[in-house]
Amino acid sequence: MADLLRPWQDKFPDVSVIEQAVVGQAGSHLVDASRTAALLVVGRAARHAPVGAQIGPVTHAALHYAESPVAVIPHD
């Protein structure tokens, strides 16, 4: 993960990033992390749905329960 984040950390050195690997439900871990975060960033698959954007259970949990603002970023 550190290798994937390094180019972004180099580009935006003022942004604090905490790398953490945990075991369990991703949604609940992200909601817990949101308590001390300025922004929670989650992804969603860029699917083409007939009506609206489709999100998964982790993004759904973040949007409904996070205590910080949430940015949802589509990806391939």
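Asp3 and Arg6 form a salt bridge, their closest N and O atoms lying 2.8 Å apart; the term denotes a side-chain nitrogen of Lys or Arg within 4 Å of a carboxyl oxygen of Asp or Glu. The model is a predicted one, in which local features need pLDDT of at least 70 and side-chain atom pairs count only at pLDDT 80 or more, while totals for chains, interfaces and linings use all residues. Residues are numbered from 1 along each chain as its sequence is written, and side-chain values use heavy atoms, with hydrogens and water left out.

**Salt bridges**

Both Asp3 and Arg6 belong to helix H1, three residues apart, or about one turn of the helix. Helices (H or I, at least four residues) and strands (E, at least two) are DSSP runs numbered from the N terminus. Asp3 is exposed at 61% relative accessible area, whereas Arg6, at 41%, is partly exposed. Here buried means under 20% relative accessible area, exposed over 50%, and partly exposed in between, with a 1.4 Å probe and protein chains only.

The count of salt bridges is three, as tabulated below.

| Asp3 | Arg6 | 2.8 Å |

Glu67 lies in the loop between helix H3 (57–65) and E2, and Arg35 in the loop between H2 and E1, so their pair ties together parts 32 residues apart in sequence. Through shared partners, salt bridges join Asp32, Arg35 and Glu67 into one network. Arg35 is partly exposed, with 48% relative accessibility.

**Strands**

E1 runs parallel to strand E2 (residues 70–75), and six bridges join them. Pairing of two strands requires at least two DSSP bridges between them. Pro74 in E2 is the bridge partner of Arg44.

**Val17**

Val17 is located in the loop between helix H1 (2–11) and helix H2 (26–34). With a relative accessible area of 35%, Val17 is partly exposed.
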